[in-house]
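Open the model in your viewer and keep the selection tool at hand.

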Amino acid sequence: MKFVLLSDLGTKPTRAGQLLNNSRASGAHHITQLARDHGADATNIDYWTEWQTARLRDALINWFGDEKECWIGLSGSIDGSSTNDFKTLTHLIKREIPHLKVMLGGYRVPTGHKEWVDLAFIGRSGNIFTKWLQHEDISEYLFSTPDQDAPPTYKNPTGEILELPVTPIVQDNDFWSEYETHTIELALGCKFNCSFCGYDFRNTRHPILVDEEHLFESIQSAHDKFGISNFVLADDTINEVDAKLELLAKVNKQLNFEPNYMAFARADVLGAKMHQIDLLREARVNAMFFGIESLTPEVTKLIRKGGKPERMLDSLRNISKEYPEAFTYGNFIIGLSGDSEESIKNSTQTVVDEQLLTSAGCNALRIYENLENPDVKSDIDIDPEKFGYEIIGTDKEWPELGYSSQTWKNDWTTTIQADELSAEVDKFLGSNLKSQFTAHEIHGLRTLVPGHEWDWYNDHFQLANRLREKVVTRYIKNKEKWLLGR
Ligand code: B12
Ligand code: SF4
């Protein structure tokens, strides 16, 4: 069997402008590895929407050659917006290879009809995909989507973690470069259960850690083969337990280079466990994304984001004092029930006055409908009224992704007003803290152009974009040559 998996996450819209993405989808690389492990000739196509369609078609037709069993897949990772273009590509290839089969997979429910899609998987499904590769019966995982025209679609039972964490080993023929970040995962699951959160494995008591030897191999070989030294940790919360940071620190000691990691962390947990600051330093987690959401006491309780706001501010004070070299980004959600404009403005003013974070930003609360994959619905998406939101209409439809966001009102605001306030507060934070970027944005930028002060990137991200174009052009050239057997 020959199996090729396409993935894409082209741009990141940032406060400073469009930033081109230099991180590949690790889920897609994991899936092709599983296929290889089971005897398939499998490979990835990254940045796929940036390929010229006709050239990609020709290269893939050449690569499939006269193979009898040919599969092409799209990894929707987080964003499946290229599904329609993918459909066109599969049509073009089918003209030459009529027996080509098509597969979709990824975070959300993939949209695609059985008229052109043979098989689909939803969410963390490496275990089902493995069974499929082994020709086992997977009918127990059949997922009934409301769409009558959907292809056979498979999904794990809600809330059960049936996979190990994903830390792919980079392949020679994937032509990575030192200007890209590699995404790895230390554990699956988060023990918290914030009401606005759409992470599929929240509220999990015992996160399963990645195997130490495998983690070492994934990091060291990425550096040996391609000079990669910057990694994104896909864990939704890196510091929920010390064990993850301890494991990373242990692996770092065995590496022959100094990596940098970006991670999502909880500042309130850090504040309550100050020893974690040393652990983070040892783990070399030096860019952090904190979901602060709100600093209003009534709100933090309602969204189940523990910690008293004053304690949260103390945490930020400690972190900026004890770990000043780290890049810290804090995100606020505007419009949460129980909050107020005055409270939001006061707390963000404190952040700015004391320069408690390197950067911060905000966005208005979004309530989604039709997500279909029940695992990625937040508790607020499931029952808005319970959390004080009255749904008053639909804000935006994404027919290509199959879901929409709702307009709502609550005790003090509406979607429209929250959007306006969010724009104002976001501008205030962006103009009055050192950096305009989030932690993952800055991590991408410093990977492309290392060695500058955080504020330097505010005015030079276009330079990074130009470099990133070159990186992707080189990748496409090399991968195309490889597919053509040259
Ligand atoms: C890293 C990350 C990013 C990176 C992604 C980099 C990249 N190139 O992939 C960046 C920073 C760009 C990013 C951006 C965004 N992100 Co993000 N991100 C994450 C994070 C932390 C990890 C994702 C990851 O790599 N997971 C690990 C891999 C292994 O999982 P995976 O990709 O899902 O792949 C698995 C399956 O889906 C499946 N699979 C995938 N493809 C295929 C294909 C086939 C054929 C098969 C069989 C299976 C299969 O198999 C894989 C193994 O199980 C998650 C949180 C989390 N821990 O999951 C949030 C998360 C996914 N992001 C989220 C959000 C909201 C966003 C943004 C919208 C934020 C924003 N406001 O801009 C953007 C969207 C970007 C876009 N254009 O759509 C939310 C999604 C919430 C929801 N309900 O949908 C999450 C859950 C965070 C959260 N707690 O809320 N993100
Ligand atoms: S927001 Fe973060 S800490 Fe809260 S449940 Fe989601 S992943 Fe866990």
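## The whole protein

Start with everything shown as a cartoon: the protein has 15 helices and 19 strands. Keep in mind that this is a predicted model. Along the principal axes, the C-alpha atoms fill a box of roughly 65 × 55 × 40 Å. How does the radius of gyration fit a compact globule? For 486 residues, such a globule would have a radius near 23 Å, and the protein, with 22 Å, agrees with that.

## Ligand 1

Select ligand 1 next, with the residues around it. The shell holds 41 residues, and the closest are Gly 27, Ser 75, Asp 79, Gly 105 and Gly 198. Now colour helix 1 (26–37), strand 5 (70–75), strand 6 (101–106) and helix 4 (126–133); each supplies at least two residues of this shell. Which element gives the largest share? Helix 1 does, with five residues. Colouring the shell around ligand 1 by class gives 17 nonpolar, 16 polar and eight charged residues.

## Ligand 2

Move to ligand 2. To show its surroundings, select Cys 190, Phe 192, Asn 193, Cys 194, Cys 197, Tyr 199, Arg 202, Asp 236, Thr 237, Arg 266 and Gly 291. By class, the shell around ligand 2 has five nonpolar, three polar and three charged residues.

## Helix 5 and helix 6

The crossing of helix 5 past helix 6 is right-handed. To see where the two meet, show Glu 212, Leu 215, Phe 216 and Ile 219 on helix 5, and Leu 247, Lys 250, Val 251 and Gln 254 on helix 6. The residues of this contact are five nonpolar, one polar and two charged.

## Helix 11 and helix 13

For the last stop, select helix 11 (residues 341–353) and helix 13 (residues 415–432). Are they oblique or roughly parallel? Their axes come within 10 Å and cross at roughly 10 degrees, so helix 11 is roughly parallel to helix 13. Helix 11 brings Glu 341, Ile 344, Thr 348 and Val 352 to the contact, while helix 13 brings Leu 421, Val 425, Phe 428, Leu 429 and Asn 432. Six residues of the contact between helix 11 and helix 13 are nonpolar, two are polar and one is charged.

Methods. Residues numbered from 1 in each chain as written. Chains lettered and ligands numbered in written order. Predicted model: local features only at pLDDT ≥ 70, side-chain atom pairs only at ≥ 80, totals over all residues. Near = placed C-beta within 6 Å. Nonpolar A, V, L, I, M, F, W, Y, C, P; charged D, E, K, R; others polar. Left-handed = near helix turned anticlockwise from the far one by under 90°. Helix = DSSP H or I, 4+ residues; strand = E, 2+ residues; numbered from the N terminus. Contact = placed C-beta atoms within 7 Å. Rg over C-alpha atoms; globule rule 2.2 N^0.38 Å. Axes fitted to C-alpha atoms, helices over the stretch in contact; angles between N-to-C directions. Parallel < 35°, antiparallel > 145°, perpendicular 65-115°, else oblique.
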